[in-house]
Amino acid sequence: MRGSKLLGMLVLILGALGCRQDSAERLVILPKDHPLEFALTYFPEYPRNLVGSGTVFTVEGGIRQYLSPWPPRLLDRIECLVDGQVVRTLQPTDLWQKFPFNTPYIQPFPDRWTYYFQCDVDRFGVPGRGKKVVVRVWQKGSAVPMEGEVEYHYDDADLSQKALEFIRGPMTGDVPGNPDRRTRRLSDTTVYVKNEIPGMQLPIERALNQYMSKWTGLRFIFTDREDVRPLLIYRNGPGFGARGVEWNPNNIYETWKWILELGSRTTHNPDDLYGEMVVICHETGHAIGLPHTGCDGVFMDAGSASGSDCGRLRLHPYQQMAVKMVYSKPPGYSWR
Ligand SMILES: [Zn+2]
């Protein structure tokens, strides 16, 4: 017993070390003497950086400045470019305030005054491999931007293949007692939402309408009614969790009603909006049929609900495509 516990701990520690080293090697800080510093975090690699038509590729980064309590005031704008064209422009107000994750794994700078940005790219130019999203950070009064880049592959056929592997593997194949690899999903792509935690309305609304919908193509409608289906009910609980409580008696793969427990917090904490939305997306992800992913830079990391540094407000494009494929087929469809 003790031996297996020790082994388990060792595996955990090695896993954590592996993660940290992975990102530390990819740290880019350009240039060092610039008043405002900038870094891209957690560079995606294949197949995480594989994109296709109708998907969203999220590039994350951070800025900081040692002496300034509010670095975004030094910032003019951040631009993301594809094939030399600006596809997204961020304003200082688009930056995230600090949030309580503080490990080298995701922090470009181990410093409390770090502010994050997410650049959503959904236009990828001409299909091809080895393409780049160039990120330009323009400081106020500076004629030369700081620059970083992330490689991506734009290949619709490859994306569909990876999505299919994700469905056949983590989504259905790794589930015990599912030899036919049938997918469990909500009964419709229009999903009703009843929120029983009024103080958490803002993060729930934003997580669903601004994030989940763009990744999955599902539409979320808030309601006070309980006689509509499919229905997700968000409420407080002793912990975090997603529980399917009603399904089609003639097709157990078609779920109708879920209870999603978001811990004991009754009011939204502005300093932790990012973390709150990761948790909300995670539990919602269970309801729509997503599996845990491990430490993979998306919100379905198993530790997301407990504030793991792995859980990010992001869903990789091949996983987005997997959800869309699942919802293009009826519940219980066999992917064998
Ligand atoms: Zn979970």
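Visitor: Before we start, what should I know about the model?

Guide: It's predicted, so local features need pLDDT of at least 70 and side-chain atom pairs count only at pLDDT 80 or more, while totals for chains, interfaces and linings use all residues. Residues are numbered from 1 along each chain as its sequence is written, and side-chain values use heavy atoms, with hydrogens and water left out.

Visitor: Okay, which residues are the protein donors of the zinc ion?

Guide: Donors are N, O and S atoms within 2.8 Å of the metal (3.2 Å for Na, K and Ca); water is not among the atoms, so sites may look incomplete. Here the zinc ion has His282, His286 and His292, each through NE2, at 2.0 to 2.1 Å. Their spacing along the sequence reads H-x3-H-x5-H.

Visitor: Where do His282 and His292 sit in the chain?

Guide: Helices (H or I, at least four residues) and strands (E, at least two) are DSSP runs, numbered from the N terminus. His282 belongs to helix 4 (residues 273-288), and His292, ten residues apart from it, lies in the loop between helix 4 and helix 5 (317-326).

Visitor: Is His282 buried or exposed?

Guide: Buried means under 20% relative accessible area, exposed over 50%, and partly exposed in between (1.4 Å probe, protein chains only). His282 comes out at 2%, so it's buried. His292, at 40%, is partly exposed. Cys281 is buried too, at 0%.

Visitor: How many disulfides does a search of the whole structure find?

Guide: A disulfide is a pair of cysteine sulfur atoms within 2.5 Å. The search turns up one, joining Cys80 to Cys119 with an S to S distance of 1.9 Å. The pair links distant parts of the chain: Cys80 is in strand 4 (residues 75-82) and Cys119 in strand 6 (residues 114-121), 39 residues apart. The link is right-handed, with 140 degrees about the S-S bond. Cys80 is buried at 0% relative accessibility, and Cys119 is buried at 0% as well.

Visitor: And what does the whole chain look like?

Guide: The protein chain has five helices and 14 strands. Of its 336 residues, 53% count as buried. Contact means heavy atoms within 4.5 Å. Among contacts between residues at least 6 apart in sequence, 69% join residues at least 24 apart.
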